[in-house]
Amino acid sequence: MRWLRFAVGLLLALTLHTLLDSFYPNALAFFDPYIILVIYYSMGGNILGAIIAGVIAGFVQDAYSGAIFGLHAFSLTVCAYAVAYVNSRLVLRGTVAFGASLGGSVIANELVIYILVNILQRQKIEMFEQGLLVKTVFTVLFGMLVYQLLTLFLREEPIEATKERTW
Amino acid sequence: MAVPADVIPRRPTLLFIVVLSLLFIVMSVSSKTRYVGETRTLFERTVMTLFSPVPKTVNWVGQTASDMYHGYLDMRREVAENLQLRRKVAALTTENLKLRQTESDLRRLRGLLGYAEQSTLETSMAQTVMLDTAGRFKSMILDRGSDDGIEVNDAIVNASGLIGRVVLTTRDMAKVQLITDTNCAVGTLIERTRRQGVVRGDGAQGLQMFDVPSLADVLPGDVVLTAGIDGIYPKGIPVGTITRADRGADLFKRITVRPAVDFGSVEEVIVIHTRKIPPQVLRYAP
């Protein structure tokens, strides 16, 4: 069931990605729907599931963006692992906790990408700091809104829906 | 809140490192293939193919929605344009009707003027304000009266022929007795043979001609004109056309005349200010 939810979430993220690409081509520089999905999923504290979610979501994002294939998969897996690891030891719940985790993950994600691009392509990302700030703000706000809507829709703590004791 | 230690997976970190290493290799291959011209690896193409229905569907929906929106806008524009054109057509139709009416009026008035110019007597124009051709007494009311020089016994005509005579005047109106009224008598003659007679209204829409001898040459289609012998109507005004001429029971024929004027469509008329016979002449008896 939770993988079905992840698949639906991934399709929605890809839909949003396509829509933004079609109507607002620069919007994805300031907003990342995939990381919202991955972090939401990783907050269940299941490290293995988080790694798989990060890899799959990252591959889809790479396939439909101009980045080196595997770049987002790598960065999202790092973020997913970190969030899942923390949540496997501490139980973080609520919209604010999700927003804080998401904000930290967006920053980490961008930093990983920045480093990898530097290593693999020896290029520097223009206006990295400004882009990072805007992307963090918009992604966190949108992510918290989605989380709040999920709380209303699921009528329980959304993260609980991603948890499963047995893999 | 701490989570019990037995729930935590044992070797996730090792898996994590392996996955990252594999991803780094994928990235390196992808990065290299870009430099040699191949922009997509097989794996990348597979992922794209696998998820391609999503962007295709989104694009199709977006394109359809965009087409519908623009179609709707076009339709709104067309509807507005259509409405504007309809209003224009209505305005032009009204204008056309007015022009046709004006043309008709002009033709009719030209006819009247031509007729008036032919007459040597003084004339004036008047407009019909009431017309009663269906009642027992056939009459009409004109919008001019004694202030405009209209007097009792003035002849009323239009371009088609004789209409009647003035029987009553006020300062601004005049009442006209139509020739179709049974109490109206007009001294007439048949244009072809110059045979004289008296035309009276039959009380309906027609006329009858009296005092024409049975032996007189009268044929259907003969035109009847005023004879100018009754002291009211000038000579030569068309009164009607004979439609039927039968031998009567006595010495005179029974002649039916169709009026020259269509009384149902009378609008403007000409008032002929006829020369009146002085009362003393009328009263004189040898």
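This is a predicted model: local features need pLDDT of at least 70, side-chain atom pairs count only at pLDDT 80 or more; totals for chains, interfaces and linings use all residues.

Biologist: Which loop of chain B holds Arg194(B), and what is its phi?

Modeller: Most residues other than glycine have a negative phi. Arg194(B), with 9 C-beta neighbours inside 10 Å, counts as exposed, and it is found in the loop between strand S6 (185-190) and strand S7 (196-201) of chain B. Although Arg194(B) is not a glycine, its phi is positive, at about 65 degrees.

Biologist: Where in chain B is His273(B), and with which residues is it in contact, leaving aside its neighbours within four places in sequence?

Modeller: His273(B) has its place in strand S12 (residues 268-273) of chain B, and it counts as partly exposed because it has 18 C-beta neighbours inside 10 Å. Once the neighbours within four places in sequence are left aside, the residues in contact with His273(B) are Leu121(B), Glu122(B), Thr123(B), Gly149(B), Glu151(B) and Asp154(B).

Biologist: Which helix of chain B gives the most to the side that touches chain A?

Modeller: The contact between the chains takes 30 residues from chain A and 27 residues from chain B. On the side of chain B that touches chain A, at least two residues each come from helix H1 (12-35), helix H2 (42-51) and helix H3 (53-118). That side is made of 20 nonpolar, 6 polar and 1 charged residues, and the helix that gives the most to it, with 12 residues, is H1(B).

Biologist: How are H3(A) and H2(B) oriented to each other?

Modeller: The axes of helix H3 (residues 47-63) of chain A and of H2(B) come within 9 Å of each other and cross at roughly 90 degrees. In this contact, Phe59(A), Val60(A) and Ala63(A) of H3(A) meet Glu44(B), Val47(B), Met48(B) and Phe51(B) of H2(B), and the residues divide into 6 nonpolar, no polar and 1 charged. Angles of 65 to 115 degrees count as roughly perpendicular, so H3(A) and H2(B) are roughly perpendicular.

Biologist: Within chain A, is H2(A) roughly parallel or roughly antiparallel to H3(A)?

Modeller: The axes of helix H2 (residues 33-42) of chain A and H3(A) come within 9 Å and cross at roughly 170 degrees. Because angles over 145 degrees count as roughly antiparallel, H2(A) is roughly antiparallel to H3(A).

Biologist: How far apart are the end C-alpha atoms of helix H5 of chain A?

Modeller: Helix H5 of chain A covers residues 95-121, and its buried residues include Phe98(A), Leu102(A), Val106(A) and Ile113(A). Just after H5(A), Arg122(A) takes a positive phi of about 50 degrees. At 1.5 Å a residue, the 27 residues of the helix should span 39 Å, which agrees with the separation of its end C-alpha atoms, 37 Å.

Methods
Residues are numbered from 1 along each chain as its sequence is written. Chains are lettered from A and ligands numbered from 1 in the order in which they are written. The expected span of a helix is 1.5 Å times one less than its number of residues. A residue is buried if 20 or more other C-beta atoms lie within 10 Å of its own, exposed if 12 or fewer, and partly exposed in between; C-beta atoms are placed from the backbone. Two residues are in contact if their C-beta atoms, placed from the backbone, lie within 7 Å. Ala, Val, Leu, Ile, Met, Phe, Trp, Tyr, Cys and Pro count as nonpolar, Asp, Glu, Lys and Arg as charged, and the others, Gly among them, as polar. Axes are lines fitted to C-alpha atoms, for helices over the stretch in contact, and angles run from 0 to 180 degrees between N-to-C directions. Angles under 35 degrees count as roughly parallel, over 145 as roughly antiparallel, 65 to 115 as roughly perpendicular and the rest as oblique.
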